[in-house]
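Me: I would like to go through the terms used for this model and check each against its definition.
Reply: Go ahead; the sequence and structure come next.

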Amino acid sequence: MPTRARERLLDAAEDLFYAEGIRAVGVERILSVSGVGRASFYRHFPSKDDLVVAVLRRRDERWRAWLAERVEALGGHPLDVFDALAERFARADFRGCAFINTMIETADPDSAAHRVAAEHKERVRAYVSGLIERDGRADAAELAHLFVLLVDGAIVTAVRERSTHPAQRARAAAAALLTTARTTTGTTAGAATSGAAT
């Protein structure tokens, strides 16, 4: 069935790209692992680049759905993002962020793969912003940018350290950010009120 062949290609390519890198894996290897013929491959994907984009788009949807599901299960607080990440870091097959890896490999910001990877990061930032806003923060948009910096830093550090500790340290930093930002906001608001009353 053609649809099943497409899924087999996507499954094989996603596993191989994540484990070994996009450039290291050629079409022949994908065909061998997927069991799909060359003609069938080109019916679904005009080129390897098209396959890469399809893999990233599917992974984006699945990864963000997983994150939302885990965060809600953990309590739905913005800091739960880091607890969910710790679960990922603990997996034996953890190789970092597929989207960060893609941006490093492709390098060209105008390439389709690079754009899809960047869009994923923006969607994650928007999701985190929503979590923070739901927690009652007016400064959610700015805090979300800082949270995503911590998320990406934790991911890269976890690859280097091969442990869950970076997620825990990033969580502590994010918690401090929430406290500091709330205190600063309160202080600023108090000063503004005081000035208005004068």
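Reply: Helices are DSSP runs of H or I with at least four residues, strands are runs of E with at least two, and both are numbered from the N terminus. This is a predicted model: local features need pLDDT of at least 70, side-chain atom pairs count only at pLDDT 80 or more, and totals for chains, interfaces and linings use all residues. Residues are numbered from 1 along each chain as its sequence is written, and side-chain values use heavy atoms, without hydrogens and water.

Me: Which residues of H7 are called buried?
Reply: Buried means under 20% relative accessible area (exposed is over 50%, partly exposed in between; 1.4 Å probe, protein chains only). In H7 the residues that count as buried include Ala-113, His-120, Lys-121, Val-124 and Arg-125. Their cover includes H4, H5, H6 and helix H8 (140–161), where contact means heavy atoms within 4.5 Å. Over the 198 residues of the protein chain, 41% are buried.

Me: What makes a space a cavity and not a pocket?
Reply: On a 1 Å grid over the protein atoms alone, a cavity is a set of points where a 1.4 Å probe fits but cannot get out; a pocket is an open set with protein on both sides within 12 Å along at least five of seven lines; lining residues have an atom within 4 Å of a point. One cavity of 30 Å³ or more is present. The largest cavity holds about 50 Å³, and among its lining residues are Trp-63, His-120, Lys-121 and Val-124. H8 gives the most to that lining, with four residues.

Me: What lines the largest pocket?
Reply: The largest pocket holds about 460 Å³. Its lining has 22 residues, with Glu-14, Tyr-18, Arg-59, Arg-88 and Arg-91 nearest the centre. H1 gives the most, five residues.

Me: How many helices and strands does the protein chain have?
Reply: By the DSSP runs, the protein chain has nine helices and zero strands.

Notes: Points joined across faces, edges and corners; volume = space filled by probe spheres on them.
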